[in-house]
Amino acid sequence: MEAGEEPLLLAELKPGRPHQFDWKSSCETWSVAFSPDGSWFAWSQGHCIVKLIPWPLEEQFIPKGFEAKSRSSKNDTKGRGSPKEKTLDCGQIVWGLAFSPWPSPPSRKLWVRHHPQVPDVSCLILATGLNDGQIKIWEVQTGLLLLNLSGHQDVVRDLSFTPSGSLILVSASRDKTLRIWDLNKHGKQIQVLSGHLQWVYCCSISPDCSMLCSAAGEKSVFLWSMRSYTLIRKLEGHQSSVVSCDFSPDSALLVTASYDTSVIMWDPYTGERLRSLHHTQLSPPMDDSDVHISSLRSVCFSPEGLYLATVADDRLLRIWALELKTPIAFAPMTNGLCCTFFPHGGVIATGTRDGHVQFWTAPRVLSSLKHLCRKALRSFLTTYQVLALPIPKKMKEFLTYRTF
């Protein structure tokens, strides 16, 4: 889609035959994820099952005219035996999904060779967070179970790998803790982060691997150092539970979404609140309940950092441009729970309470040279370092996203 067009529904995936026993409370798609290289899609389709689907989708799912745009020659592996769709039976309701970065560093392979008792996780892997507090680690190419991580006392709600490829995994749980695991060391638990008073819903690691954001059923958001695993600051500003968070691709912005119907954009380095995006209700609520019909479920950045997608309880997927205070596009979706962008842009995947996944067109734009320069600089300069540069004030404001 061009900027300003409404998202089009490209495809919808539905679970196979429903289970014979009535297990309605476990059919939700709580999580959807693309592998960082864009070659796989993972879908928690309910009833303890995760589907691993090679991407792009087979032609039968996609309307004519779109496949040419979405397919890239490097993903076209037909001549070498295409990867096959896999079904992972996790044995428990699946809440969180995360792919490892790809590929793993070569040093990892050497380490495995000298320690044959350790599973080889130099392949692309998928972590699944389960209802009983377990985390299962799977090899994507074969669908084999590699590791089982135990430690959490309740539902593992969200998972996040460090983007650097170090195979450090962060898990967020209803037991009110976050845990740090090193998959290079047989899944050893290296840290427990405590401090939240409510269930932890979401965890997100900044692309520069310096910060971790966690959102629990609280009004404040916690920012942690990924170097020392200590609390840097709490971000205060929401009026109700924060349920989702994401960093921009250059780590310079953090967005948080709350049941209070707003998304707040923060400078994670200074803790400054840069702007709020309000999800206006289409009709007034029927009662004075705390949870509004516009309660947010999920927020995510697009891969180039110019757009956001949000899913709310008012049956809408919204797409926002970074510079504007109102959405640029809407799509009708019922019972939405989660959303994520395809890593190369152009597609948004959303999951629903009914166990379905929908794929939507997302804006395709060429980033301006100004934005590309900002993104490149902010990938390694903190806000304080930018403010110390001997450059005009207007350039500083642009580089620190204060020109909204």
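1. Start with the sheet built from S22 to S25. In this predicted model, four strands form an open sheet in the order S22-S23-S24-S25, and their pairing is antiparallel. Strand S22 (296-301) and strand S25 (329-332) stand at the edges. Each has a single partner strand, so one side of each is left without a neighbour in the sheet. On average, neighbouring strands here are turned by 15° against each other, direction ignored.

2. Look at one pairing in that sheet. S22 meets strand S23 (residues 307-312) in the antiparallel sense, over 5 bridges.

3. Another sheet uses S18 to S21. It is an open sheet of 4 strands, ordered S18-S19-S20-S21, with antiparallel pairing. Which strands are at the edges? They are strand S18 (242-247) and strand S21 (272-278), and each pairs on one side only. The twist from one strand to the next averages 20°.

4. S18 and strand S19 (residues 254-258) are antiparallel partners over 5 bridges. Phe 247 has Leu 254 as its bridge partner in S19.

5. Next, the cavity. How many cavities of 30 Å³ or more does a search of the whole structure find? The search finds 1. The volume of the largest cavity is about 30 Å³. Its lining includes Ser 248, Pro 249, Asp 250 and Leu 253. Phe 301, Glu 304, Gly 305 and Leu 322 also line it. His 371, Lys 375 and Tyr 401 belong to the lining too. By class, the lining residues divide into 5 nonpolar, 3 polar and 3 charged.

6. Aromatic pairs come next. A pair of aromatic rings is described by the distance of the centres and the angle of the planes. The count here comes to 10 aromatic pairs. One of them joins Phe 34 and Phe 359, with 6.5 Å centre to centre and 55° between the planes, a tilted arrangement. Phe 34 sits in strand S2 (residues 32-34) and Phe 359 in strand S28 (residues 357-361), so the pair ties together parts that are 325 residues apart in sequence.

7. A second pair to check is Phe 222 with Trp 224. Their ring centres are 5.8 Å apart and their planes stand at 50°, so this pair is tilted. Both Phe 222 and Trp 224 are buried.

8. One aromatic cluster takes in the Phe 34 and Phe 359 pair. Its members are Phe 34, Phe 41, Trp 55, Phe 342 and Phe 359. Trp 55 is in the loop between strand S4 (49-54) and helix H1 (67-70). With a relative accessible area of 6%, Trp 55 is buried, because the cut-off for buried is under 20%. Along the chain, Trp 55 and Phe 34 are 21 residues apart, and their C-alpha atoms are separated by 8.6 Å.

9. Now inspect the backbone. Most residues other than glycine have a negative phi, and most peptide bonds are trans. What is the form of the peptide bond from Trp 55 to Pro 56? The bond is cis, with omega near 5°. Pro 56 is placed in the loop between S4 and H1, and Trp 55 lies in that loop too.

10. Where does Leu 167 sit? Its place is in the loop between strand S10 (156-161) and strand S11 (168-173). Leu 167 counts as buried, at 1% relative accessibility.

11. Tyr 229 also needs a check. This residue is not a glycine, yet its phi is positive, at about 55°. Tyr 229 is found in the loop between strand S16 (221-225) and strand S17 (231-235). At 16% relative accessibility, Tyr 229 counts as buried.

Definitions and conventions. Residues numbered from 1 in each chain as written. Predicted model: local features only at pLDDT ≥ 70, side-chain atom pairs only at ≥ 80, totals over all residues. Heavy atoms only, no water. 1 Å grid on protein atoms, 1.4 Å probe; cavity = no way out; pocket = protein on both sides within 12 Å on 5 of 7 lines; lining within 4 Å. Points joined across faces, edges and corners; volume = space filled by probe spheres on them. Nonpolar A, V, L, I, M, F, W, Y, C, P; charged D, E, K, R; others polar. Pairing = 2+ DSSP bridges. Helix = DSSP H or I, 4+ residues; strand = E, 2+ residues; numbered from the N terminus. Axes fitted to C-alpha atoms, helices over the stretch in contact; angles between N-to-C directions. Phe/Tyr/Trp six-rings, centres within 6.5 Å; stacked < 30°, edge-to-face > 60°. Buried < 20%, exposed > 50% of the residue type's maximum accessible area, 1.4 Å probe, protein only.
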